[in-house]
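Please work through the exercises below with the sequence and the structure at hand. Each task is followed by a worked solution.

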Amino acid sequence: MLQVLFDALSLGSLYALGALGIALIFGVMRLVNFAHGDVIAFSVFALLWPSTDAVAIVFAGQMPWFLLIPFILAVGAGLSVLSEIVVFRRFRHASPATMMIASFALGFVIRYFLLMLFSSRPKSISLLPALSQPVEILGARMPLLQLITILATIVMLFALSVFVRKTRFGLEMRAAAENFTMARMLGVRANRVIMGAFALSGALAGAISIILGAQTGTADIQMGGAVMLMAFIATVIGGLGSLEGAVLAGFLLGAASVVMQTVLPPEARPFRDAFVYGAVILVLLFRPQGLISARGTKERV
Amino acid sequence: MSLLAVSDVTIRYGRLTAVREVAFTLAEGEILFITGPNGAGKSSLMRAIAGVTPPAGGRIDFGGTEITGRAPEEIARMGLSMVPEGRDVFGSLSIEENLMLGTGMHSRERGWKARAASALEEVYDTFPILKERRHGQAGLLSGGQQQMLVIGRALMTNPRLIAIDEPSLGLAPNITDQVYERLIALRAHRKLTLLIVEQSSTRAVMVGGRMILMRGGQVLLDGDAGAMGQSEALQAAYFGYGEH
Ligand SMILES: Nc1ncnc2c1ncn2[C@@H]1O[C@H](COP(=O)(O)OP(=O)(O)OP(=O)(O)O)[C@@H](O)[C@H]1O
Ligand SMILES: [Mg+2]
């Protein structure tokens, strides 16, 4: 029972972090960034030397954890900010559909760049191996990693929420998400706010890639895809642009997946995702604006 | 020297020309009303001045510097504070957060925190209702309170010029009176330059100052509001020549 709870929370953590990364950018730019998943993959591959071998040649991965984690977060943030400067800045006045397609294209560019350097074969890596040891909590045995994933997510969500609510930058970001033009007429610098949102979103992608890399022990250029799909759905269910909604829906989706995995009869389990998506459709039928609808999503820049 | 100079500004939306070669200047400390019927191009002109939609032709100078085509945040940082049509409060933010937003542009300056705090006190003195509800959501304020909030928010940027697009929009006449009362007191007290857009010229005639009458994207009259109030040209210009 406790195991189910922890499974749900740790899977939900991944979805919540992913959904938050999408919602942050959507908030300020009305852009659904489909390249987010590829930023996740890129952040892990930044640890490796380019090679097509199955066994990864570790490069930056030998750093101690207190350097390794900031390194991956910085890679995610850096790539994300770079994609804003090089690509999305040029599409600020374009329609949301155009921006979405640009993000698809950017995602492909990143993926094929990785494919070129590393081939499509998943590589085994050992990222923070100390975390795969089991620990015992209230009689349940679980990998230390799962516990740390949950705790780290809670800490990150808490820190982010304080940041968004209490700092000047957070205030500007919330104002920009509601009405960017008005915010600019009050002197809020559009570039700064948008780059900040991309940096935060990219760092969250980095966090996901650490968790995924440590959980699976592999680096795979596709690794961002599955999380991203669920995270994207979570942002829609949560109410596009609503940060709280994205987090809530991320955890709900994680819980739904894990619960269905346990309660469904074994022969139906392979179709678990179909049931999850079915539930998603039901939610959207009853609340098309999402669980928490973002207020006054007026103009973009 | 004029604080704001608009020279032959033309604004187009696709094939529609909303404003055609409009020119006027506004001196420091002056109060200027821009009036005219629906679709005259008043709001379009305001958005061009604020940098939101750059004009198709002409130039705009503020404080002796050309601002045509500059970003809205840059223009705001030069001391031109725009209160757009429809007010645009940040409904999900608290009233105090709305007010504080405008002080960010000074956050690199020495002693800005103290100045922001005293500016906040000043706004609260002018509009006590805002102080009462300062931690409440701005979206829940009434129309008149929201109008006071956006004027207060514009003041917080410590501007040289405040431009307000239809402050009376959707307000009961007695609330509009209150808003104007405070605006005029503020102007006297802070030596503000005011640019106010209204559909009807009644308010301009009441308050006095200079008035420009626009219609069909062009300036028809420019002169002293009080004197114009007496003339029949005003009525004729407002409703159009030979339409009745
Ligand atoms: N974003 C836009 N796209 C296309 N046309 C526009 C746009 N904004 C304004 N217009 C057109 O430009 C003309 C002038 O509009 P504007 O809003 O500037 O008038 P206004 O004088 O402010 O009118 P009102 O008193 O009704 O606010 C109108 O014909 C309007 O339809
Ligand atoms: Mg208007």
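This is a predicted model: local features need pLDDT of at least 70, side-chain atom pairs count only at pLDDT 80 or more; totals for chains, interfaces and linings use all residues.

Residues are numbered from 1 along each chain as its sequence is written, chains are lettered from A and ligands numbered from 1 in the order in which they are written, and side-chain values use heavy atoms, with hydrogens and water left out.

**Exercise 1. The ligand site**

Task: Determine which residues come nearest to ligand 1 and which elements contribute to the shell around it.

Solution. 

Step 1. A residue is near a molecule or strand if one of its heavy atoms lies within 4 Å of it. There are 15 residues around ligand 1, and those that come nearest are B:Asn38, B:Lys42, B:Ser43, B:Ser44 and B:Glu85.

Step 2. Next, consider the polar contacts (pairs of N or O atoms within 3.5 Å; within protein, one must be able to donate a hydrogen and the other to accept it, and residues adjacent in sequence count only if both atoms are side-chain atoms). The side chain of B:Lys42 places a polar atom 2.7 Å from an oxygen atom of ligand 1. For B:Ser43, an N or O atom of the side chain is likewise 2.7 Å from a ligand 1 oxygen atom. In B:Ser44, a polar side-chain atom lies 2.5 Å from an oxygen atom of ligand 1.

Step 3. On its own, ligand 1 has 630 Å² of accessible area, of which the protein covers 63%. Such areas come from the Shrake-Rupley method with a 1.4 Å probe; for residues, only the protein chains shown count as cover.

Step 4. Two or more residues of the shell come from each of strand 2 (16-27) and helix 1 (42-50) of chain B. Helices (H or I, at least four residues) and strands (E, at least two) are DSSP runs, numbered from the N terminus. Helix 1 of chain B gives the most, with 4 residues.

Step 5. By class, the shell holds 5 nonpolar, 6 polar and 4 charged residues. Ala, Val, Leu, Ile, Met, Phe, Trp, Tyr, Cys and Pro count as nonpolar, Asp, Glu, Lys and Arg as charged, and the others, Gly among them, as polar.

**Exercise 2. The form of chain B**

Task: Decide how the radius of gyration of chain B agrees with that of a compact globule.

Solution. 

Step 1. Chain B has 10 helices and 10 strands.

Step 2. The radius of gyration is taken over C-alpha atoms, and the globule rule is 2.2 Å times the number of residues to the power 0.38. For 244 residues a compact globule would have a value near 18 Å, and chain B, with 18 Å, agrees.

Step 3. Along the principal axes, the C-alpha atoms of chain B fill a box of roughly 55 × 40 × 35 Å.

**Exercise 3. Single residues**

Task: Classify A:Ser43 and A:Phe71 as buried, partly exposed or exposed.

Solution. 

Step 1. Buried means under 20% relative accessible area, exposed over 50%, and partly exposed in between (1.4 Å probe, protein chains only).

Step 2. A:Ser43 belongs to helix 2 (residues 36-45) of chain A. Its relative accessible area is 0%, so A:Ser43 is buried. The A:Ser43 side chain reaches the backbone oxygen of A:Val39 at 2.7 Å.

Step 3. A:Phe71 is found in helix 3 (residues 65-86) of chain A. A relative accessibility of 27% makes A:Phe71 partly exposed.
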